[in-house]
Amino acid sequence: MRQVVEVIKRKDSEDYERLGNKALKMNKVLAASGPLLTGIAALGSAFMCPSNGPWAAIMATVAGALASAVNTFEHGVQVGMVFEMYRNNAGFFKLVQESIEWTLSESDLEKRENGELFEMKVALQFGRSVSQLRDLAKKSNYSRLEGSPIDEFASKLF
């Protein structure tokens with residue numbers, strides 16, 4: 001189980017935190033650029049007159065179209081919800097990791113959960129069978145001894 005915790009730390013949690021940070025940055029950029037482009041379109045339409053030529057109209061049209069595309073992408077793809085999904089998955093992995101560490105550190109055998117039952121529970125949480133979880137632990141141990149990165153995630157669900 002300690003090897004499974006290492007896989008969770010090195011692969012699953014790290015990957016979901018990285019992806020969550022990227023989604024958050026993209027959401028911030030989209031949230032700022034939509035209103036900015038709308039403001040530019042409004043300013044461009046305010047300066048439309050025969051003396052300014054077609055440039056104000058072109059600027060208003062292009063900025064308005066870009067604002068519409070940015071807002072549609074932001075709300076249609078639901079970038080904020082993608083961020084929340086990644087954050088929730090990282091929290092799930094942290095919870096499982098703490099659960100495994102607490103169970104392994106419990107010295108009182110009466111309070112400790114049954115080993116086989118706990119192993120099955122963790123395997124089900126990751127969408128694996130018990131034998132697949134044991135194979136993952138062996139691969140993690142081997143990759144740690146060899147110094148090579150492990151190529152497999154702990155969870156097969158997310």
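Helices here are DSSP runs of H or I with at least four residues, and strands are runs of E with at least two, both numbered from the N terminus. Just after α2, Gln78 takes a positive phi of about 55°. The protein is a predicted model, in which local features need pLDDT of at least 70, side-chain atom pairs count only at pLDDT 80 or more, and totals for chains, interfaces and linings use all residues. Residues are numbered from 1 along each chain as its sequence is written, and side-chain values use heavy atoms, with hydrogens and water left out.

**Overall architecture**

- The protein has five helices and zero strands. From the N terminus on, the order is α-α-α-α-α.
- The radius of gyration is 25 Å, well over the 15 Å that the globule rule gives for 158 residues, so the protein is more spread out than a compact globule. This radius is taken over C-alpha atoms, and the rule is 2.2 Å times the number of residues to the power 0.38.
- Along the principal axes, the C-alpha atoms fill a box of roughly 85 × 35 × 25 Å.
- Of the 158 residues, 31% count as buried. Buried means under 20% relative accessible area, exposed means over 50%, and partly exposed lies in between (1.4 Å probe, protein chains only).
- Contact means heavy atoms within 4.5 Å. Among contacts with a separation of 6 or more, 70% come from residues 24 or more positions apart.

**Nonpolar cores**

- A nonpolar core is a set of buried Ala, Val, Leu, Ile, Met, Phe, Trp, Tyr and Cys residues joined through side-chain atoms within 4.5 Å.
- The largest such core has 21 residues. Val4, Ile8, Ile100, Val122, Phe126, Leu133 and Ala154 have the most contacts inside it.
- At least two residues of this core come from each of α1 (2-46), α3 (79-105), α4 (115-125) and α5 (130-146).
- Val4 touches Ile100, Phe126, Leu133 and Ala137, leaving aside residues up to four places away in sequence.
- A second, separate core has five residues, including Leu30, Leu37, Ala67 and Val70.

- Helix α2 (residues 55-76) has 22 residues, which at 1.5 Å a residue should span 32 Å; its end C-alpha atoms are 31 Å apart, which agrees. The expected span is 1.5 Å times one less than the number of residues.
- Ala56, Ala60, Ala63, Ala67, Val70 and Glu74 are buried in α2. Seen down the axis, they fall within an arc of 105°, so they line one face of the helix. The arc is that of the directions from the helix axis to the C-beta atoms.
- These buried residues of α2 pack against α1 and α3.
- Exposed Thr61, Thr72 and Gly76 sit on the face of α2 turned away from its buried side.
- His75 is also in helix α2. Its 56% relative accessibility makes His75 count as exposed.
- Gln78 lies in the loop between α2 and α3. Its phi is positive although Gln78 is not a glycine. At 38% relative accessibility, Gln78 counts as partly exposed.

**Helix α3**

- The 27 residues of α3 should span 39 Å at 1.5 Å a residue, and the end C-alpha atoms are 39 Å apart, which agrees.
- The buried residues of α3 are Val79, Phe83, Tyr86, Asn89, Ala90, Phe93, Val96, Gln97, Ile100 and Thr103. Their cover includes α1, α2 and α4.

**Helix α5**

- With 17 residues, α5 should span 24 Å at 1.5 Å a residue; its end C-alpha atoms are 24 Å apart, which agrees.
- Leu133, Leu136, Ala137, Ser140 and Ser143 are buried in α5. They cover an arc of only 130° around the axis, which puts them on the same side of the helix.
- That buried set packs against α1 and α4.
- The face turned away carries exposed Lys138, Tyr142, Leu145 and Glu146.
- Gly147 follows α5, with a positive phi near 85°.

**UniProt annotation**

- An unreviewed UniProt entry marks residues 29-48 and 54-73 as "transmembrane region". Its positions are given in the numbering used here, feature names are shortened, and annotations may be inferred rather than shown by experiment.
- Residues 29-48 are 90% helix and 0% strand, with end C-alpha atoms 29 Å apart.
- Residues 54-73 are 95% helix and 0% strand, with end C-alpha atoms 28 Å apart.
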